[in-house]
Amino acid sequence: MITREEIANVLDQPVYDGDGNKIGDAKHVFFDDMTGRPEWVSVKTGMFGSAESFVPIRDAALVQDHLEVPYGKDQVKGAPSVDVDAGGHLSETEEHRLYDYYGINWDSVLSEAERTDDGRFAAGPGPAGAAGAAGAAGAAGMAGRTGDKDLRGTAGTGGMAGRQDAMEREAMRGDEAMTRSEEQMHVGVERHESGRARLRKYVVTEEVQQTVPVTHEEVRVVREPITDANRDEALAGPEISEAEHEVTLHAERPVVETETVPVERVRMTTEELTENETVRGQVRKERIEAETESFTEDETGRGGKRRGRE
């Protein structure tokens, strides 16, 4: 069981289930009004901590730098949503619904609440007293003070645990001032896998066309007249005879061959681009107004009241 002294080490710390799966971060701790013992811890889950689930803290344990609860991650995330009133309390109905969800016997809760930390019975035993003792757990999420000591420590967010007690002590000292509180929204980011890219090499066949000049030989008959220069050659043979002369013709034709050559190197790199994204949320703020009451007299001499607000 987590003690009041350990609350500062719980707030804003990771919460894990029994299998070592992270559920979220602890944000608020709720105390039993009668016994003053921690009863519930609210855990921020989902992207950017957009959801908040309640988990019983009675069987939780503080392990090194995180809180470990005996409930599965999916069970905690599926816990019913509950409303916390303006005073930072869970109603008995809401608390009863949570106990039923986690399989905790409500009668055993009442029996424990009837006893104080030193083992004595609290005032008002029986059904009515037990309901009042178990009552609504006081929220520890916003002030978290015992006396003048701030239980927030290094956690930075503290709790609302002792706020009601502090206000009662202020009233007993005759302090007429009120404390106004408000919620602040903290936005963070989480890294997740958004896709994958890969390089794939494959072969395609393309038609390539190229023009190349080719030559060939053709026969052309040349007739020369008999002149004094070639007369002797012309009269060298028989006067009348048959003869044959053969010439070999040549031609060129295109020849195609391929050669593999490297042309470029291709690789993938990643780069981070920063974009501005607007995140909207709701925060609650307390407002303090002063009401005045003045007494006036009309023409008949009778007095009347007039109310004002500042």
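A residue is called buried when its relative accessible area is under 20%, exposed when it is over 50%, and partly exposed in between (1.4 Å probe, protein chains only). By that rule Trp40 is buried, with a relative accessible area of 0%. The model is predicted: local features need pLDDT of at least 70, side-chain atom pairs count only at pLDDT 80 or more, and totals for chains, interfaces and linings use all residues. Residues are numbered from 1 along each chain as its sequence is written, and side-chain values use heavy atoms, with hydrogens and water left out.

- In soluble globular proteins, nonpolar side chains tend to be buried together.

**Aromatic pairs**

- The structure holds 5 aromatic pairs, counted where rings of Phe, Tyr and Trp (its six-membered ring) have centres within 6.5 Å; planes under 30 degrees apart count as stacked, over 60 as edge-to-face and the rest as tilted.
- Trp40 and Tyr99 form a tilted pair, at 4.8 Å centre to centre and with 50° between the planes.
- Trp40 belongs to strand β3 (residues 38-45) and Tyr99 to helix α2 (residues 92-101), so this pair ties together parts that are 59 residues apart in sequence.
- Tyr99 is buried, with a relative accessible area of 1%.
- A cluster linked by ring pairs contains Trp40, Tyr71, Tyr99, Tyr101 and Tyr102.

**Helix α2**

- The buried residues of α2 are Glu94, Glu95, Leu98 and Tyr99.
- These residues lie on the same side of α2, because they cover an arc of only 135° around the axis; the arc is that of the directions from the helix axis to the C-beta atoms.
- Thr93 and Asp100 are exposed residues on the face of α2 turned away from its buried side.
- Just after α2, Gly103 takes a positive phi of about 70°.

**Salt bridges**

- The whole structure has 10 salt bridges, each being a side-chain nitrogen of Lys or Arg within 4 Å of a carboxyl oxygen of Asp or Glu.
- Lys27 and Asp12 form one of them, at 3.0 Å from N to O.
- Lys27 lies in strand β2 and Asp12 in the segment before β1 (14-16), so their bridge ties together parts that are 15 residues apart in sequence.
- Glu183 and Arg284 also meet in a salt bridge, at 3.0 Å from N to O.
- Glu183 lies in the loop between α5 (163-172) and α6, and Arg284 in the loop between α6 and β10, so this bridge ties together parts that are 101 residues apart in sequence.

**Surface patch**

- Met185, Val187, Val279 and Val283 form a nonpolar patch on the surface, with about 300 Å² of accessible area together; accessible areas come from the Shrake-Rupley method with a 1.4 Å probe, and for residues only the protein chains shown count as cover.
- Patches are made of residues with over 30% relative accessible area and no salt bridge, like charges being joined within 9 Å and nonpolar side chains (Val, Leu, Ile, Met, Phe, Trp, Tyr) within 5 Å.
- Val283 is placed in the loop between α6 (231-234) and β10 (291-297), and is partly exposed, with a relative accessible area of 35%.

How values were computed:
Helix = DSSP H or I, 4+ residues; strand = E, 2+ residues; numbered from the N terminus.
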